[in-house]
Amino acid sequence: MIWKRDYGLIARQILAWAVIGLIYVVLFSVIGWWLAGTGMFGSYYLYMIIGMAGVMALVQYFLSDKLVLMSTKAKVVTEDEEPKLYAMVKKLADEADLPMPRVAIMPSPVPNAFATGRSPKHAVVAVTQAIRGILTDEELEAVLAHELAHVKNRDMLTMTIGSFLVSIAAMIINNAFIMALLSSNRDSENGGGIIVFIVAMVVIVIVYIVGTMVTMAISRYREFSADRGSAYITRDPDALIRALKKISGKMETIPPDKKREISAENSFYIIPAISGESVMELFSTHPPLEKRIANLEKVKMEMQGY
């Protein structure tokens, strides 16, 4: 198998980890400052925030695969349950020199696939029921190879932690009204609760925007890299081109409510499930289909010696 290490992806992941680490420090510092300003938890707020950050970091690291499987409702299957799918993944994993990942199926009418896990030894490759009905075996293998390329590139954990960070900020923003009431209740006692809250919310909104942009940027680049990886593993970039076109075309026929059900995990999928009703569409998790196809055409010419 031809395999070229993507140093562009490695550099972007190092930068993403540095930015994510900084954002974590800022986010939890602001939460602690706000709690101190409201007078909640007294002098123990700092220990509570440090403990919360530590627990969340451990949960994200050790349970990242389980969290994604739970959120997508994907079920891990055995070789006896899905012998054909299992055999496909096994053949491709051997070709890519990877440990055999767990295989999962997601009960969704939206044709899609994803990979998750903190390392190749803890990886899961999942497909939806719908994708198996629209692709040929060669096309499905190309999609599975794309997901295994994510595993080989070790980019899943970066996306999981980055996405979870954004989710924390979004949760705080969504509950801003309740937090404002808490700050208002303390305002008469310390005279600064609501002011602290306003400043904290401004910072958290900035954290949300920056965190989103970082995860979207790494997500777009990693899709290009995984597309190339699929071509290297299968030696058939045309199969992935056909698969991407079929999935994208079918996506346009799926009811918006069905796409909305799984759109929270868009950054993990091979093709995003755009609902048509979300502001988050402004933040693209994937490069345009045309650019992905052009990228694969370049890989095809490279493999043919041009």
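Predicted model: local features only at pLDDT ≥ 70, side-chain atom pairs only at ≥ 80, totals over all residues.
Figure 1. Leaving out residues up to four places away in sequence, E223 touches H146, H150, S267, Y269, I270, H286, P287 and R292. With one of these, H146, there is a polar contact between the two side chains, at 2.9 Å. E223 is also part of a network of salt bridges that links D155, R222, E223, D227 and R292.

**Figure 2. Positions annotated as "binding site".** The unreviewed UniProt entry places this feature at H146, H150 and E223. These positions span 78 residues in sequence, yet no two of their C-alpha atoms are more than 8.5 Å apart, so they gather at one spot. H146 is buried, with a relative accessible area of 0%. Residues up to four places away in sequence aside, H146 touches E223, A226, D227, S230, L240, I270 and R292.

**Figure 3. E147, annotated as "active site".** The annotation comes from UniProt, where the entry is unreviewed. E147 lies in helix α5. This residue is buried, with a relative accessible area of 0%. Apart from neighbours within four places in sequence, E147 is in contact with A113, F114, A115, V125, F268 and I270.

**Figure 4. The open sheet.** Four strands, in the order β1-β2-β4-β3, form an open sheet with mixed pairing. β1 (75–77) and β3 (113–116) stand at the edges with a single partner strand each, so one side of each has no neighbour in the sheet. From one strand to the next, the twist averages 30°.

Figure 5. β3 pairs with β4 (residues 124–128) in the antiparallel sense, over four bridges. Within this pairing, T116 stands opposite V124, and the bridge partner of A115 is V125. Helix α5 (residues 137–153) lies across β3 and β4 and runs at about 25° to β3.

**Figure 6. D137 in helix α5.** D137 lies in helix α5. The residue is partly exposed, with a relative accessible area of 35%. Leaving aside neighbours within four places in sequence, D137 is in contact with K84 and M88. A polar contact of 3.2 Å joins the side chains of D137 and K84. The C-alpha atom of D137 is separated by 9.5 Å from that of A239, which is 102 residues away along the chain.

**Figure 7. Salt bridge between D6 and R228.** The structure holds 14 salt bridges. In one of them, the side chains of D6 and R228 meet at 2.4 Å, N to O. The pair links distant parts of the chain, with D6 in the segment before α1 (7–38) and R228 in helix α8 (residues 193–234), 222 residues apart. D6 and R228 are both buried.

**Figure 8. Salt bridge between D155 and R222.** Side chains of opposite charge can pair when their charged atoms come close. The closest N and O atoms of D155 and R222 are 2.7 Å apart in their salt bridge. D155 lies in the loop between α5 and α6 (156–174) and R222 in helix α8, so the pair ties together parts that are 67 residues apart in sequence. Both residues, D155 and R222, are buried.

**Figure 9. Salt bridge between D238 and K300.** The closest N and O atoms of D238 and K300 are 3.1 Å apart in this salt bridge. D238 lies in helix α9 (residues 237–251) and K300 in helix α11 (residues 289–303), so the pair ties together parts that are 62 residues apart in sequence. D238 is partly exposed, with a relative accessible area of 27%. K300 is partly exposed as well, with a relative accessible area of 24%.

Technical notes:
Residues numbered from 1 in each chain as written. Heavy atoms only, no water. Pairing = 2+ DSSP bridges. Helix = DSSP H or I, 4+ residues; strand = E, 2+ residues; numbered from the N terminus. Axes fitted to C-alpha atoms, helices over the stretch in contact; angles between N-to-C directions. Contact = heavy atoms within 4.5 Å. Salt bridge = Lys/Arg side-chain N within 4 Å of Asp/Glu carboxyl O. Buried < 20%, exposed > 50% of the residue type's maximum accessible area, 1.4 Å probe, protein only. Polar contact = N/O pair within 3.5 Å; in protein donor to acceptor, adjacent residues only side chain to side chain. UniProt positions renumbered as here; feature names shortened; annotations may be inferred.
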